[in-house]
Amino acid sequence: MKALILVGGFGTRLRPLTLSVPKPLVDFANKPMILHQIEALKAVGVTEVVLAINYQPEVMLNFLKEFETKLGIKITCSQETEPLGTAGPLALARDKLVDDTGEPFFVLNSDVISEYPFKEMIEFHKSHGGEASLMVTKVDEPSKYGVVVMEESTGQVERFVEKPKLFVGNKINAGIYLLDPCVLERIQLRPTSIEKEVFPNIAAEKKLYAMVLPGFWMDVGQPRDYITGLRLYLDSLKKRSSPKLALGSHIVGNVIVDETAKIGEGCLIGPDVAIGPGCVIESGVRLSRCTVMRGVRVKKHACVSGSIIGWHSTVGQWARVENMTILGEDVHVCDEIYSNGGLVLPHKEIKSSILKPEIVM
């Protein structure tokens, strides 16, 4: 089987982190986002992953080369010269996706974090006999999204309603599809949308089916959702009694700590924290609802909550970093500094407090 991951463009919503690496390589729970997807695809027998990309393909490929051999899966790029929307990239990658087997292929949005029930999706796809399957997820506020209206018992999709004013349902497109090769014949090589153009046509012919995603789902393409996604991901590790979760008297709730990280005396870590490789957390530090990426040092008695600390940054002694502060790569927050929602670009030193959310160049 094959899979196409829609990587797309610049990842502007996750700046300043995406100023250092393409968005799919930003760490999520101590592993580049895209690796969560590739590993789950590999586990259900996918042998080749195609990345649809229009920005920095060489950075992506160089990075993923080591995982090709580690995971034993082929990873290639299909590069757009102009943005082609969510369906155009499928037409562009047609030759890479179609082979003699006639097997269906997966299509994924690269921002989506879930338990990736690909095995169940393959079984669902075979059972309904249509051309295309999509995952849907239930949300509390459907009016913010495109809602999928479906026949409950069979999953047959009737129509799509974009940001409905009146309640028509609470299931939205989760950005995970399984498509028969014949779907590619419906897509022209031009900027086009799979959600707004391709799927409604297949639904009109009653050949599109939706499966409700079991477990959690999050689009982690922006900071607030990234932090929420981390909580949901760690929660799902807890439900599966994963050995990845850290234990100890200094741990509260769900926390993952890379084995190469060092944690000092008298810290309180958690809930919902990820500490990356090579990090040094000095004594008396308080961390909650945050991600601390590779090579970060958090000095004595600092407090970090609801924030993302980018690679190789430093948080000074008695500093307080909170309220969706995002430090880019190699940012140094001096001792006793307060950051309230600062977005700090890479390679900066912060010598005075950031009292309200703002971008620091």
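Buried means under 20% relative accessible area, exposed over 50% and partly exposed in between, with a 1.4 Å probe and protein chains only. This is a predicted model, in which local features need pLDDT of at least 70, side-chain atom pairs count only at pLDDT 80 or more, and totals for chains, interfaces and linings use all residues. Residues are numbered from 1 along each chain as its sequence is written, and side-chain values use heavy atoms, with hydrogens and water left out.

**Helix α1**

Select residues 33-43, helix α1, where 8 of the 11 residues are buried. Helices (H or I, at least four residues) and strands (E, at least two) are DSSP runs, numbered from the N terminus. The buried set in α1 is M33, I34, L35, H36, Q37, I38, A40 and L41. Step just past the helix to G45, which has a positive phi of about 95°.

**The second largest pocket**

Next, show the second largest pocket, with a volume of about 550 Å³. Of its 26 lining residues, A29, N30, K31, D258 and P277 are the closest to the centre. Colour α2 (57-71), β12 (255-257) and β18 (290-292): these elements each give two or more residues to the lining. A pocket is found on a 1 Å grid over the protein atoms alone, as an open set of points where a 1.4 Å probe fits, with protein on both sides within 12 Å along at least five of seven lines; lining residues have an atom within 4 Å of a point. Grid points are joined across faces, edges and corners, and the volume is the space filled by probe spheres set on the points.

**Q156**

Go to the loop between β7 (146-150) and β8 (157-162) and select Q156. Q156 has 18% relative accessibility, so it counts as buried. Its side chain makes a polar contact of 3.3 Å with that of Y209. Such a contact is a pair of N or O atoms within 3.5 Å; within protein, one must be able to donate a hydrogen and the other to accept it, and residues adjacent in sequence count only if both atoms are side-chain atoms. Beyond its neighbours within four places in sequence, Q156 contacts M150, E151, K206, L208 and Y209, where contact means heavy atoms within 4.5 Å.

**Helix α7**

Buried residues of α7 include Y226, I227, L230, Y233 and L234. After α7 comes S241, with a positive phi near 50°.

**Residues 251-360**

UniProt, in an unreviewed entry, gives this span as "domain: Mannose-1-phosphate guanyltransferase C-terminal". UniProt positions are in the numbering used here, feature names are shortened, and annotations may be inferred rather than shown by experiment. The span is 0% helix and 39% strand, and its end C-alpha atoms lie 32 Å apart.

Within it, pick C267, in the loop between β13 (262-263) and β14. C267 is buried at 6% relative accessibility. Leaving out residues up to four places away in sequence, C267 touches H250, I281, E282, S283, G284 and V285.

Most residues other than glycine have a negative phi, and most peptide bonds are trans. Now centre on the peptide bond between G270 and P271, which is cis, with omega about 0°. P271 sits in the loop between β14 (268-269) and β15 (273-275). D272 is in the loop between β14 and β15; its phi is positive, near 60°, and D272 is buried at 11%.

Finish at M324, in the loop between β23 (320-322) and β24 (326-327). M324 has a positive phi of about 65° and is buried at 17% relative accessibility.
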